[in-house]
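Open the model in your viewer and keep the selection tool ready. This tour goes stop by stop.

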Amino acid sequence: MATPARFPDAYPSDGGGANLADILERVLDKGIVIAGDIRINLLDIELLTIKLRLVVASVDKAKEMGIDWWEDDPSLSTGARRRELARENEELKARLAALEAARSPQSEAAEEKEPRAVTDE
């Protein structure tokens with residue numbers, strides 16, 4: 001009885017190659033940039049251009065490169081959320097102070113002189 005032929009092992013376990021964890025660690029440590037442009041033309045008229053840029057790196061490496069947008073995004077950072085709420089609170093306080101300042105003592109005196117309607121309930 002003949003044994004069926006086996007395909008060669010796609011992932012040899014002899015330790016000579018790098019496994020996925022090693023590759024991922026290296027990519028995150030060094031960083032990788034993938035860039036591409038897609039252009040759609042019709043009769044030498046450019047209809048659409050899409051520019052794609054993908055950066056894959058660890059947080060530390062991204063900070064070294066000057067990329068830190070997640071620190072200012074309120075949906076990703078509690079510190080940014082607190083700063084946004086504090087800013088909004090200050091704006092509301094300023095608006096309230098402006099409204100209270102607009103209501104002058106003369107307008108309050110005029111309101112007190114006008115007779116108020118009294119209703120029996």
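Start at the hairpin. E1 and E2 form it, with two residues between the strands. Select Leu43 in the turn: its phi is positive, about 55°. Strands here are DSSP runs (E, at least two residues) and helices are DSSP runs too (H or I, at least four residues), both numbered from the N terminus.

Before moving on, a word on the source. This is a predicted model, in which local features need pLDDT of at least 70 and side-chain atom pairs count only at pLDDT 80 or more, while totals for chains, interfaces and linings use all residues. Residues are numbered from 1 along each chain as its sequence is written, and side-chain values use heavy atoms, leaving out hydrogens and water.

**Stop 1: the strand pair.** Select residues 32–42 for E1 and 45–56 for E2. The two run antiparallel and are joined by eleven bridges. Two strands count as paired if DSSP finds at least two bridges between them. Now pick Gly36; Leu52 in E2 stands opposite.

**Stop 2: the nonpolar patch.** Select Ile38, Ile40, Leu42, Leu43, Ile45, Leu47, Leu48, Ile50 and Leu52. Together they make a nonpolar surface patch of about 860 Å². Patch residues have over 30% relative accessible area and no salt bridge; nonpolar side chains (Val, Leu, Ile, Met, Phe, Trp, Tyr) are joined within 5 Å, like charges within 9 Å. Which strand gives the most to the patch? E2 does, with five residues. Ile45 lies in this strand. E1 and E2 each supply at least two residues of the patch.

Stop 3: Select Arg53 and Asp37. They form a salt bridge, with the closest N and O atoms 3.0 Å apart. The pair links distant parts of the chain: Arg53 sits in E2, Asp37 in E1, 16 residues apart. A salt bridge here is a side-chain nitrogen of Lys or Arg within 4 Å of a carboxyl oxygen of Asp or Glu. Arg53 is exposed at 51% relative accessible area, while Asp37 is partly exposed at 41%. The classes are buried under 20%, exposed over 50% and partly exposed in between (1.4 Å probe, protein chains only).

**Stop 4: further salt bridges.** By this rule the count comes to four. Select Lys63 and Glu71: their closest N and O atoms are 3.0 Å apart. Lys63 is partly exposed, at 43%, and Glu71 is partly exposed at 29%. Next, take Glu91 and Arg87, which meet at 2.8 Å, N to O. Why are they about one helical turn apart? Because they are four residues apart in helix H3 (residues 78–102). Glu91 is partly exposed at 42%, and Arg87 at 43%.

**Stop 5: the end of H1.** Select Lys30 in helix H1 (residues 20–30). Buried or exposed? Lys30 counts as exposed, at 60% relative accessibility.

**Last stop: the whole chain.** Zoom out. There are four helices and two strands, running α-β-β-α-α-α from the N terminus. Of the 121 residues, 3% count as buried. The chain exposes about 11500 Å², with carbon and sulfur atoms supplying 57% of it; accessible areas come from the Shrake-Rupley method with a 1.4 Å probe, and for residues only the protein chains shown count as cover. Among contacts (heavy atoms within 4.5 Å) with a separation of 6 or more, residues 24 or more positions apart account for 17%.
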